[in-house]
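Me: I would like to learn how to read this structure, one feature at a time. Could you take me through it slowly?

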Amino acid sequence: MKHYTDYLSFSEALVGFVQLAREEGFSTGIQCTKDTIMVSLQELWLDKDIFEYALAALFCKEEEEREVFSSLYKKFWRQKGTVLQNRITRKNNNNFSVRKASTAVMLGTGSSDLNESGEESKTTSGANTDETAKLTDFSLLTEQQALELDRLSEKLVREMSMRIKRKRKKSKKGAISISESIRKNIQNGGTIMNLAKKDRKKEKFRLLILLDVSGSMDKYSFYLLKFMWALRSHFKQVEVFTFSTKLVRITDFISEKNMDLALSMVSYNAKHWSSGTKIGESLQNFNEEYSKKYLNGKTMTLILSDGLDTGEPEILETAIQNIKLKSKKLIWLNPLKGMKGYEPIQVGMKTALPSVNYFGSAHNFSSLLELENILSHA
Amino acid sequence: MVKEPRDLIPIIDELGYVIEEELATVLFLMLKLEKPLLLEGNPGVGKTQIAYILSEYLGYDLIRLQCYEGLDVNNAIYEWNYQKQLLAIKIHESGTKSEKEKEDMIFGKEYLLERPLLKAIASDKPSVLLLDEIDRSDEEFEAFLLELLSEFQISIPELGTIKSKNRPIVILTSNRSRELSDALKRRCLYHWVDYPSMDKEMKIIKKHQPDIESKLAEQIAEHIQKIRNLKLDKTPGVAETIDWAKGIAALDGDPNAIYNSLSCLLKSNDDIKNVREKLFN
């Protein structure tokens, strides 16, 4: 690590510091270098504290960067010879190593007993392969069907999002543009005869997804996650969280363009994968930490979970009511609902149900595509 | 104009705002470098107030634009005065003016309603432009701001480009309800406004409630620090602290004033219950 005494002149040291900061992950450009020199010309460097504050205002763009900057500053401009510990991790993780083992757990192949000739998959035979893959319960997919589904899913999701957008567009009426109308009607002496309309404004659409990745969801969560990945590229604002006993925000990972990389990043970061379920506590945690940021009256909240909660039902009740209050619509998709004879009688599901606007199944791809109807009618 | 950042502290203090060295430095730089300043922080920590104080210190007009979802050019920059335009058309209906002349007339400057951004750019006097809660606006509006903040000019199709005569001092505030774009951040100086320390909070209380006893101010500040550490629906900011101090002063003589005036500080029934349970039992 360089020190300002390693440079011949003060201005060289300044430029060196900007470069160093860039290497450490700060986004500093030429403008920043110029500003840094301007700052020094104000003779602020005479006071080390003031100089640090001044440079921090130029270099830091987030609260979290401030501390890292402080330590970088101290090392460069003050004492010599210590190693910098806390680099900023950038969003772009190109060198990310793919973890095969954890993907296996996500796939459910690590712990599940795949029944490839299960009864339910038999009932769907006879349709063409695409349809079969769409209708088969995720937990009963054969490897071949899984591959087909992969191929299909992106296409279907793309089509679905196109249709949602189209429907939303059609259902809106443009507002009248008064200024355009006046201009259009000057020839009529200002009497408004022909109305000019404004371009339709695109309605903001926020989607918040809370995905259960606990052990009981093992067979489903991987496919649901893939579905999330396909969804996120088609909606402008999608936030995705996973939960089991802990809540983890995975939006940044899932926005990765390469699906395999995205999924392995999620599995790497979501260390609570396949553990127990504390839905109530996870949702409470969401309310405390994130709801102010991600929930407003325009948010559609989507919970994907089997509702098998091992926590206190009271916590779940309050948490889900709070989420309901703050979102436009609360949708709960439950993979178990696809099973014959399923009834939401488990404590968790029973507690949550009164707050839910729409309760649907999520056991196969076709049930996920049902989302289209829900989202387009929002 | 002050010579160094520390000189700002007593001046700002005099105006009724308690400021620490770091923020003073940032304000000093903003004035020197003529760069916009982005202030981020939780609600109620006094971000907006900084703009007011600054305009008072500089003697400039404060022009404020409250951002919200759906804020568009008509509300932020300019709009035509339709009623006046319609009237003008009626008046000149039987006149000799050609259509082109009529159009030029009703799209002239006197038919223009200046909204905050245009006002700040077109003003003859220097001003402080406050873009409040920029995180609430749409990304499209943010993108539009980029151009404004680097060029300080606005183009109106009917009138041409209007360039700023006096570059306004721009302050943007954000509650960080969403991340702002890197491009916008790059054009600004950045400062995170945190909840005040106990010492600072005491100073703030005394500033707004000069007659308050030191002991009571200390008690209030101490309680606030504890309350902020609890998990609440809405963590109280500095504004609430001041309200609370005023509330307690108004209940002069009530031995349980602190307990009874909690509603000045907390804005939800659950929070009040929670605090009463955890701190007063």
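This is a predicted model: local features need pLDDT of at least 70, side-chain atom pairs count only at pLDDT 80 or more; totals for chains, interfaces and linings use all residues.

Reply: Residues are numbered from 1 along each chain as its sequence is written, and chains are lettered from A, with ligands numbered from 1, in the order in which they are written.

Me: How are α2(A) and α3(A) packed in chain A?

Reply: Two packed helices are described by the angle between their axes and the distance between the axes. Here α2 (residues 30-41) and α3 (residues 48-59) of chain A pack at about 160°, with axes 10 Å apart (axes are lines fitted to C-alpha atoms over the stretch in contact, and angles run from 0 to 180 degrees between N-to-C directions). Therefore α2(A) is roughly antiparallel to α3(A), a term for angles over 145 degrees.

Me: Which residues of α2(A) and α3(A) make the contact?

Reply: Residues are in contact if their C-beta atoms, placed from the backbone, lie within 7 Å. From α2(A) come A:C32, A:D35, A:T36 and A:V39, and from α3(A) come A:A54, A:L55, A:L58 and A:F59.

Me: How many residues does each chain give to the contact between chains A and B?

Reply: Chain B gives 30 residues and chain A gives 27. On the side of chain B that touches chain A, α2(B) gives the most, with 7 residues.

Me: How many helices and strands are in chain B?

Reply: Chain B has 14 helices and 9 strands, which are DSSP runs (H or I, at least four residues, for helices; E, at least two, for strands), numbered from the N terminus.

Technical notes
Two residues are in contact if their C-beta atoms, placed from the backbone, lie within 7 Å. Angles under 35 degrees count as roughly parallel, over 145 as roughly antiparallel, 65 to 115 as roughly perpendicular and the rest as oblique.
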